[in-house]
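These notebook entries record what I looked up in one chain. The sequence and the structure come first.

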Amino acid sequence: MATTIPTVSESKSTQAGVRPGRWIPWVFVGLFGIVLIANGTMITVAITTFTGMETVSAYKKGVDYNERLAAAAKQEALGWKASLDAKADDAGRMVITFALDDRGGAPVAAADVLAKVDRPLQDGLDQMVVFDEIESGRYRAAIDLPLEGQWEVQIDAVARGDRYQFTERIMVPR
């Protein structure tokens, strides 16, 4: 009678009744489960938090594109230069100062200056502001902005029968 001696791997698998390495597929299933949970979380956060950017009347803006190009060329031909300064005052309001000079550097006086101030990625906080002329070619407005961070100031100034548009982002401090 010949006796065979079992090898180490044979003796472990027959003693436990389970083949070795049977847990390895479950590691892959667990890792894929973690990836699916992470992706699902990211998708949920992306869908529920982003308000999105929507262009109001996109078709009309597309049709009016050539008119916009002509207005931009006319504004460029004017040679006017503009600058904007925004600082918080002691009451926490933003004081926005707008300066407008002609091609020769002389102030453009008696302009009607109106601005739309809005948050680029948050709807419902837009405000219209009328600027007062504090000296020749220098205009100022004070505005309460409810949130800190970036705001966009879109200025529309009309003087001498010409229109000048200017846009700049400002930072509202904490």
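**Entry 1. Basis.** I worked from a predicted model, in which local features need pLDDT of at least 70, side-chain atom pairs count only at pLDDT 80 or more, and totals for chains, interfaces and linings use all residues. Residues are numbered from 1 along each chain as its sequence is written, and side-chain values use heavy atoms, with hydrogens and water left out.

**Entry 2. Fold.** I looked up the secondary structure and found four helices and eight strands. The elements are DSSP runs numbered from the N terminus, with helices (H or I) of at least four residues and strands (E) of at least two. In sequence order the pattern reads α-α-α-α-β-β-β-β-β-β-β-β. I then looked up burial: of the 174 residues in the chain, 24% are buried. Buried means under 20% relative accessible area, exposed over 50% and partly exposed in between, with a 1.4 Å probe and protein chains only. I also looked up contacts (heavy atoms within 4.5 Å). Of the contacts between residues at least 6 apart in sequence, 55% join residues at least 24 apart.

**Entry 3. Core.** Which residues have the most contacts inside the largest nonpolar core? They are Phe98, Phe131 and Ile155, in a core of 27 residues. Such a core is a set of buried Ala, Val, Leu, Ile, Met, Phe, Trp, Tyr and Cys residues joined through side-chain atoms within 4.5 Å. Strands S2 (94-101), S3 (112-118), S6 (138-143), S7 (149-159) and S8 (162-172) each give two or more residues to this core. S7 gives the most, with five residues. I listed the contacts of Phe98, leaving out residues up to four places away in sequence; among them are Leu84, Val113, Phe131, Tyr139, Ile155 and Phe166.

**Entry 4. Aromatic pairs.** I found three aromatic pairs in the structure. Rings of Phe, Tyr and Trp (its six-membered ring) pair if their centres lie within 6.5 Å; planes under 30 degrees apart count as stacked, over 60 as edge-to-face and the rest as tilted. Trp80 and Tyr164 form a tilted pair, at 6.1 Å centre to centre and 35° between the planes. Trp80 lies in the loop between helix H4 (65-78) and strand S1 (81-88) and Tyr164 in strand S8, so this pair ties together parts 84 residues apart in sequence. Both Trp80 and Tyr164 are buried. Phe98 and Phe166 form a tilted pair as well, at 5.9 Å between centres and 45° between planes. This pair links strand S2, which holds Phe98, to strand S8, which holds Phe166, across 68 residues. Phe98 and Phe166 are both buried. Ring pairs join Phe98, Tyr139 and Phe166 into a cluster.

**Entry 5. Second largest pocket.** I noted a volume of about 330 Å³. On a 1 Å grid over the protein atoms alone, a pocket is an open set of points where a 1.4 Å probe fits, with protein on both sides within 12 Å along at least five of seven lines; lining residues have an atom within 4 Å of a point. The volume is the space filled by probe spheres set on the points, which are joined across faces, edges and corners. The pocket is lined by 13 residues, and Arg68, Ala71, Ala72, Gln75 and Gln165 are the closest to its centre. H4 and S8 each supply at least two lining residues, and H4 gives the most, with nine.

**Entry 6. Backbone.** Most residues other than glycine have a negative phi. Ala110 has a positive phi of about 55°; this residue lies in the loop between S2 and S3 and is exposed, at 60% relative accessibility. Arg160 also has a positive phi of about 55°. Arg160 sits in the loop between S7 and S8 and is exposed, with a relative accessible area of 52%.

**Entry 7. Met94.** Is Met94 buried or exposed? At 2% relative accessibility, Met94 counts as buried; its place is in strand S2. The C-alpha atoms of Met94 and Val172 are separated by 7.5 Å, although the two residues are 78 apart along the chain. Residues that Met94 touches include Ala86, Ala141, Ile143, Ile170 and Val172.
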